[in-house]
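Biologist: I would like to learn how to read pockets, helix packing and backbone angles from a model. Please take them one at a time.

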Amino acid sequence: MQANPEGPVPALPARRGLPAAQQPDYPDPQALQEVVADLETCPPLVFAGECDRLREHMAAVARGEAFLLQGGDCAETFEAVSADQIRGKLRTLLQMSAVLTYAARVPVVKVGRIAGQYAKPRSHAYETRDGVTLPSYRGDAVNGLDFTRQSRTPDPARLRRMYHSSAATLNLVRALSTGGFADLRQVHAWNRDFVASSPSGERYERLAREIDSALSFIHACGASPEEFEKTEFFASHEALLLDYERALTRVDSRTGELYDVSGHMVWIGERTRQLDGAHIAFAARIRNPVAVKLGPTTTVDEALQYAERLDPDGEPGRLTFVVRMGAKRIRDRLPELVEKVTASGLTVAWVSDPMHGNTYEAPSGHKTRSFDDVLDEVKGFFEVHRALGTHPGGIHVELTGDDVTECVGGGAEVFVDDLHRRYETACDPRLNHSQSLDLAFLVAEMYPHRGGAARGTAGGGEQTGTRPRSTA
Ligand code: PEP
Ligand code: MN
């Protein structure tokens, strides 16, 4: 078993010298200090040994031996910490993973945007409605979504609630991953509510039948591998609020190294990736696997410097680049980055976030994304890697297990006029359950061919009618 990182340890004194973008403006700094002191005494949410294990899995991704499926809400909310919601997200990810594993014949590393994804960077610090200007919503970790002065004022007590909500979520995720829910023999049960409701649900059902018969065969041979009964599921979030992340950074008693024990993997977002900023400096000091989001303005020099700062030893699995260029720019911007980073001898994991470069406002005023754009960005990502002979390491998506109407398109098509029906996100629009499955099937078809008969059945060959209409 892994050693438990010991706490409390004054592991990371605040580095006040470096500029930290996107931090809340707390009206009462003393109250913040009290919360931070409290958090420093709280037990770790994850163990250092688990972070190491994920780093090893990410090394397999970087080497081209596994595929990363990272997904969950744009912004988790305290209100949505319920068994149904958490189970729904997990089930969606498990189904996507089954599709990818079976149809693309690739081991899938499952990582949620979960149990800590409560803080949001914002393009605008203030929001104005009907002549009233208030601070923007920065996620439940910071303030409330309601447009009142009281709700929008940053409250450090929310950091405590973030910790406890993350703990409760992770507790359920761990129970579901190992306690029978994730057993591959449940592959049909995960789909129960969806079969009739969407083409991808029906396509999934056929795939589940194939998995079932493969499992029966294996059992008949006398084997009962433990891997089929439980799954490894990891938690990740954007390391945005440095007071919180530092308070949960601890020394690992085994090695004396620092780990951010708020999640297995953390990433630095597009708005906080300044090379001389506090976020990159923070990520450089922890041993967790870390990721950096790369938007369309990223230069080769920046990418190489991230690698130098965050992965000085060139250790596969340590650094992941999550590329979010937008469907229109991915084919122009990505090749040079991949080419030069690869030429420098580094083995990083390349992952596509096809969501954040493809957001637009619908005529109704809803922030939305089109499934076709999402798909096109992933396609561009795969094309670039195919041309360069490098590995398309995974996808990073915003999704939910519910039947929301936040993104348009997909096989059970959501139209712009539907957006108002179930628009429930606290921040960016998410793929609903059926759109998520659509994406998994299409990504499995794109994945570099590994042979195997699965392609003709569960994969692309059959049932073109199950493709999202608009891409057929
Ligand atoms: C996000 O992942 O929700 C996000 C804000 O992404 P980015 O930093 O890439 O804009
Ligand atoms: Mn988002």
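Predicted model: local features only at pLDDT ≥ 70, side-chain atom pairs only at ≥ 80, totals over all residues.

Biologist: How much space lies in the largest pocket?

Modeller: Rolling a probe the size of a water molecule over the atoms shows where empty space is left. A pocket here is an open set of points, on a 1 Å grid over the protein atoms alone, where a 1.4 Å probe fits, with protein on both sides within 12 Å along at least five of seven lines; lining residues have an atom within 4 Å of a point. Grid points are joined across faces, edges and corners, and the volume is the space filled by probe spheres set on the points. The largest pocket holds about 1,200 Å³. Its lining has 37 residues, and those nearest the centre are Lys-110, Glu-227, Lys-230, Thr-231 and Glu-232. Two or more lining residues come from each of helix 2 (48-63), helix 3 (83-104), strand 2 (108-113), helix 5 (157-178), helix 6 (199-220) and strand 5 (233-238). Helices (H or I, at least four residues) and strands (E, at least two) are DSSP runs, numbered from the N terminus.

Biologist: How do the residues of that lining divide into nonpolar, polar and charged?

Modeller: The lining of the largest pocket has 21 nonpolar, eight polar and eight charged residues. Ala, Val, Leu, Ile, Met, Phe, Trp, Tyr, Cys and Pro count as nonpolar, Asp, Glu, Lys and Arg as charged, and the others, Gly among them, as polar. The second largest pocket, with about 740 Å³ of space, has a lining of eight nonpolar, ten polar and 15 charged residues. Pro-121, Arg-122, Lys-367, Cys-427 and Asp-428 lie nearest the centre of this second pocket, out of 33 lining residues. Strand 3 (126-129) and strand 13 (367-369) each give two or more residues to that lining, and strand 3 gives the most, with three.

Biologist: At what angle do the axes of helix 1 and helix 5 cross?

Modeller: Two packed helices are described by the angle between their axes and the distance between the axes. Axes are lines fitted to C-alpha atoms, for helices over the stretch in contact, and angles run from 0 to 180 degrees between N-to-C directions. For helix 1 (residues 29-40) and helix 5, the axes come within 8 Å and cross at roughly 25°. Helix 1 is therefore roughly parallel to helix 5, a label for angles under 35 degrees. Leu-32, Glu-34, Val-35, Asp-38 and Leu-39 of helix 1 meet Ala-157, Leu-159, Arg-160 and Tyr-163 of helix 5, where contact means heavy atoms within 4.5 Å. Six of the residues in this contact are nonpolar, none polar and three charged.

Biologist: Is Ser-434 buried or exposed?

Modeller: Buried means under 20% relative accessible area, exposed over 50%, and partly exposed in between (1.4 Å probe, protein chains only). Ser-434, in helix 12 (residues 433-446), has a relative accessible area of 9% and so is buried. Beyond four places in sequence, Ser-434 is in contact with Ser-198, Ser-200 and Ala-412. Tyr-126, in strand 3, is exposed at 53%.

Biologist: Why is helix 8 described as largely enclosed by the rest of the structure?

Modeller: Helix 8 (residues 278-285) is described that way because six of its eight residues are buried. They are Ala-278, His-279, Ile-280, Ala-281, Phe-282 and Ala-283. Among the elements they pack against are helix 7 (242-247), strand 9 (290-294) and helix 9 (300-310).

Biologist: What is the phi of Arg-105?

Modeller: Most residues other than glycine have a negative phi, and most peptide bonds are trans. Arg-105 has a positive phi, near 55°. Arg-105 sits in the loop between helix 3 and strand 2 and is partly exposed at 33%. Asp-130 also is not a glycine and has a positive phi, about 45°. Asp-130 lies in the loop between strand 3 and strand 4 (132-135) and is exposed, with a relative accessible area of 82%.

Note on methods: Residues numbered from 1 in each chain as written. Chains lettered and ligands numbered in written order. Heavy atoms only, no water. Parallel < 35°, antiparallel > 145°, perpendicular 65-115°, else oblique.
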